[in-house]
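Please look at the sequence and the model first, and then read on.

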Amino acid sequence: MDWNAKWIKSQEDLGAVAPEFSVSFALRGPVREAKLYITALGVYEAQLNGSRVGSFILAPGWTSYPKRLQYQEYDVSDLLQEENRLQVLVGRGWYRSRMPGWEGSEYQKKLQEKPSALLAQLEIVYDDGSRETICSGSDWTVRESAVRFSEIYDGEIYDATRSEESSRPVEIYEGPSETLIPQQGEEIREQERIFPARIFTTPKGEVVVDFGQEITGYVETNMKGCAGEVLDLSFAEVMDKEGNFYTENYRSAKAQYRYVCRDGMQTYKPKLTFWGFRYIRINSFPGGMTAVAPERFAAIVLHSDMKRTGRLSCSNPLLNRFFENVVWGQKGNFLDVPTDCPQRDERLGWTGDAQAFVRTASLNFDVEKFFTKWLADMAADQWENGYVGHVIPDLIQNPKPSAAWADAATICPWTIYLAYGNPEILENQFECMHKWVDYITQNTKNAGLWTGGEHYGDWLGLDAPSGSYKGSTREEFIASAFYAYSTSLVIKAGRVLGKDVSAYEKLYHTIVYTFRRTFPDYRTQTECVLAAHFRLAENPQAAADQLASMISSCGTQLQTGFVGTPYLLHVLSDYGYTELAYSLLLREKYPSWLYPVTKGATTVWEHWDGIMENGDFWSANMNSYNHYAYGCVTDWVYSVAAGINALEEAPGYAKVRISPLPDKRLDWLEASLDTRHGRIVSRWEKETALWPERELWKYQITAPVEAEIVIAGKSVTVPAGTYQFYSLVEEDGEA
Ligand code: BGC
């Protein structure tokens with residue numbers, strides 16, 4: 001792309017007000033094609049002759065801005081007229097918003113010092129073949145827009161009473177040129193509308209709209225107003241024990257929304273920000289509270305435009321709701337960057353959360369493009385010494401990387417490769433992957449282990465000592481285990497790419513050897529999980545046995561946090577404890593995946609006990625109700641319960657292994673997965689009619705490619721097709 005356009009900004013500092021840049025131009029004749037190339041420091045919304053250009057909300061998206069800034073290309077041929085006006089609104093967005101909690105970071109300060117600026121180039125090809133280019137430059141003008149305030153965390157204020165401000169000349173700005181890249185990720189788009197489930201008055205007398213579903217996005221309101229009347233909304237995820245509106249867990253994110261009416265009927269939705277919410281409180285409504293009615297509101301769901309690929313359903317309604325909650329958690333947190341949560345003053349691309357969830361994410365939706373972009377940001381943000389940040393884009397820049405967080409560098413690309421079969425992701429990320437392992441090698445205190453670092457540990461593990469967020473699993477145990485795991489993934493990726501990985505093979509053997517000598521015993525559930533799953537235990541079966549007995553002896557309760565949970569059920573089912581794995585999955589009492597569902601959750605909670613049994617909140621400080629990490633268990637349902645497995649030797653489901661494992665507490669379960677090779681379906685159900693007193697299972701399996709099907713331990717390889725199998729459990733329990 002050849003940029004002739006210049007960056008432009010307002011001459012005066014407009015403070016919190018979003019500038020609107022514009023240019024008018026006339027066409028010379030009929031147009032064959034017209035393309036707008038555009039980006040901003042901030043987030044923009046462009047209109048050509050009053051119509052929105054494209055459907056990308058919060059463009060140009062969120063990247064590691066100092067290194068990479070996406071521009072977009074829109075075909076605008078259909079929007080052109082003889083006389084034209086192009087207007088572009090620029091809000092602070094991720095670029096220039098106050099990032100609460102991390103305001104002090106040098107990284108963020110540097111971005112915030114920059115002005116709201118725009119770069120736009122419209123390339124017109126006329127029918128006669130001649131060309132014309134309209135470039136942002138000194139002939140453009142700028143004015144204050146009706147958006148009086150707009151930030152990611154603090155919301156938006158719009159004043160519809162403002163009459164057209166007079167336009168002023170712009171100033172040319174030395175904006176970035178080296179870092180511009182074409183759009184790489186999925187666009188964020190409006191995906192669906194949700195209408196109020198109910199409107200009610202709380203014990204405090206506040207009027208609240210419940211959309212019945214926690215979402216990420218904004219609210220569109222239509223109302224009849226007199227000039228100066230105000231629509232004022234607050235957002236919340238949950239109501240407190242007394243049934244009152246609760247916002248404390250948004251912490252310092254102001255999450256406000258204020259619209260000042262003009263006269264008459266009007267419909268408004270914000271343009272340059274978003275909220276995570278289920279409820280809105282009406283602080284003020286044009287015409288007074290009596291004018292509040294369900295038909296006035298629609299919640300608009302925003303997320304990256306990923307295609308849905310996987311679906312799960314079964315005979316247990318709570319589990320079905322949980323599956324839905326996981327999907328909603330993904331929608332709500334996949335806004336260009338995989339974030340921890342969409343509501344409080346955080347909303348950051350936490351690497352630990354992403355690596356825990358990536359496998360589930362890649363089953364529910366096609367996330368290849370989404371992760372390709374985010375991982376490119378990770379590679380761009382990686383330091384020369386191999387350090388990988390706690391969040392990507394890395395605005396925290398904490399020089400001490402954490403195990404299981406930074407390991408997203410190896411785990412995510414490998415998972416995306418397995419899911420979609422394209423080695424390009426490994427090609428792109430290989431340097432980042434091995435540099436991360438090299439970082440550990442160079443920074444550990446003891447060769448063959450990772451010691452001496454600072455970590456988040458088994459974050460939010462239930463075996464945490466009181467007052468701590470970190471579970472009791474030894475941090476150096478976790479760090480060394482992930483060191484081994486990441487090294488093994490570098491080896492696998494290197495082999496796919498035909499690289500010489502002999503040094504990493506040697507390293508891997510050293511780590512395993514040292515690990516075994518250093519950690520001969522396991523003290524927590526997560527230690528057992530990691531030792532068995534990463535094959536670090538000399539005897540993985542013994543580690544799994546120990547895990548099973550630890551779980552059983554504490555009343556079939558899991559205690560794992562972000563680190564152990566993704567692999568917990570896998571270890572159980574891999575080593576003969578499938579029934580126990582199901583017991584954890586189906587458990588309804590705290591702690592469990594279904595407990596929040598019994599408490600009315602519509603997304604996945606950050607804490608196993610975000611709302612405690614007595615209705616109290618776990619805490620106000622760090623308590624998100626839309627944190628996808630624990631949704632990671634869904635991958636076990638696809639790959640073990642339904643048995644749909646990607647094979648390393650045939651990534652992307654070019655061949656597949658389907659090995660369903662039913663459990664008698666469910667009457668049926670079905671998983672379907674749209675792969676690059678077609679749709680896989682695996683369904684099992686109890687057959688009660690034929691043989692009521694015996695456990696008889698019927699399986700229906702569709703494979704679009706050659707499949708190895710394993711039923712009750714017996715394996716058969718079949719060509720693409722739809723198949724039916726039965727298994728019968730004998731009286732002695734043998735299938
Ligand atoms: C985030 C997490 C994240 C963690 C780091 C929290 O504040 O919300 O999900 O991984 O910090 O430990």
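**Helix H9 and its neighbours**

The buried residues of H9 pack against helix H7 (424-443) and helix H8 (475-496). This is a predicted model, in which local features need pLDDT of at least 70 and side-chain atom pairs count only at pLDDT 80 or more, while totals for chains, interfaces and linings use all residues. Residues are numbered from 1 along each chain as its sequence is written, and side-chain values use heavy atoms, with hydrogens and water left out.

Helices (H or I, at least four residues) and strands (E, at least two) are DSSP runs, numbered from the N terminus. Packing here rests on contact, meaning heavy atoms within 4.5 Å. Buried means under 20% relative accessible area, exposed means over 50%, and partly exposed is in between (1.4 Å probe, protein chains only).

The buried residues in H9 are Tyr504, Leu507, Tyr508, Ile511, Val512, Thr514 and Phe515. How far apart are the end C-alpha atoms of H9? They are 24 Å apart, which agrees with the 24 Å that the 17 residues of this helix (residues 502-518) should span at 1.5 Å a residue. The expected span of a helix is 1.5 Å times one less than its number of residues.

**Helix H10**

Helix H10 (residues 525-533) has eight of its nine residues buried, so it is largely enclosed by the rest of the structure. Those buried are Gln525, Thr526, Glu527, Cys528, Val529, Leu530, Ala531 and Ala532. The partners against which the buried residues of H10 pack are H8, helix H11 (540-553) and helix H12 (565-574). Just after H10 comes Arg535, with a positive phi of about 55 degrees.

**The ligand site**

Which residues are around the ligand? They are Asp340, Arg344, Glu346, Trp350, Asp353, Trp405, Tyr456, Trp459, Phe562, Glu606, Met622 and His627. A residue is near a molecule or strand if one of its heavy atoms lies within 4 Å of it. Sorted by class, this shell has six nonpolar, one polar and five charged residues. Ala, Val, Leu, Ile, Met, Phe, Trp, Tyr, Cys and Pro count as nonpolar, Asp, Glu, Lys and Arg as charged, and the others, Gly among them, as polar.

Polar contacts are pairs of N or O atoms within 3.5 Å; within protein, one must be able to donate a hydrogen and the other to accept it, and residues adjacent in sequence count only if both atoms are side-chain atoms.

**Backbone exceptions**

Most residues other than glycine have a negative phi, and most peptide bonds are trans. Ala59 and Pro60 are joined by a cis peptide bond, with omega about 10 degrees. Pro60 is in the loop between strand E5 (51-52) and strand E6 (69-75). Leu58 also lies in the loop between E5 and E6, and has a positive phi of about 65 degrees although it is not a glycine. Leu58 counts as buried, at 1% relative accessibility.

Another cis peptide bond, with omega about -5 degrees, joins Ile392 and Pro393. Pro393 is in the loop between helix H5 (368-381) and helix H6 (408-420). Ala255, in the loop between strand E20 (245-246) and strand E21 (256-260), has a positive phi near 45 degrees. At 5% relative accessibility, Ala255 counts as buried.

**Two single residues**

A polar atom of its side chain lies 2.8 Å from the backbone oxygen of Asp635. Beyond its neighbours within four places in sequence, Ser639 is in contact with Arg359, His570, Ile644 and Asn645.

Glu695 lies in strand E32 (residues 695-703) and is partly exposed, with a relative accessible area of 23%. The side chains of Glu695 and Trp697 make a polar contact (2.8 Å). Not counting residues up to four places away in sequence, Glu695 touches Lys664, Ser727, Leu728 and Val729.
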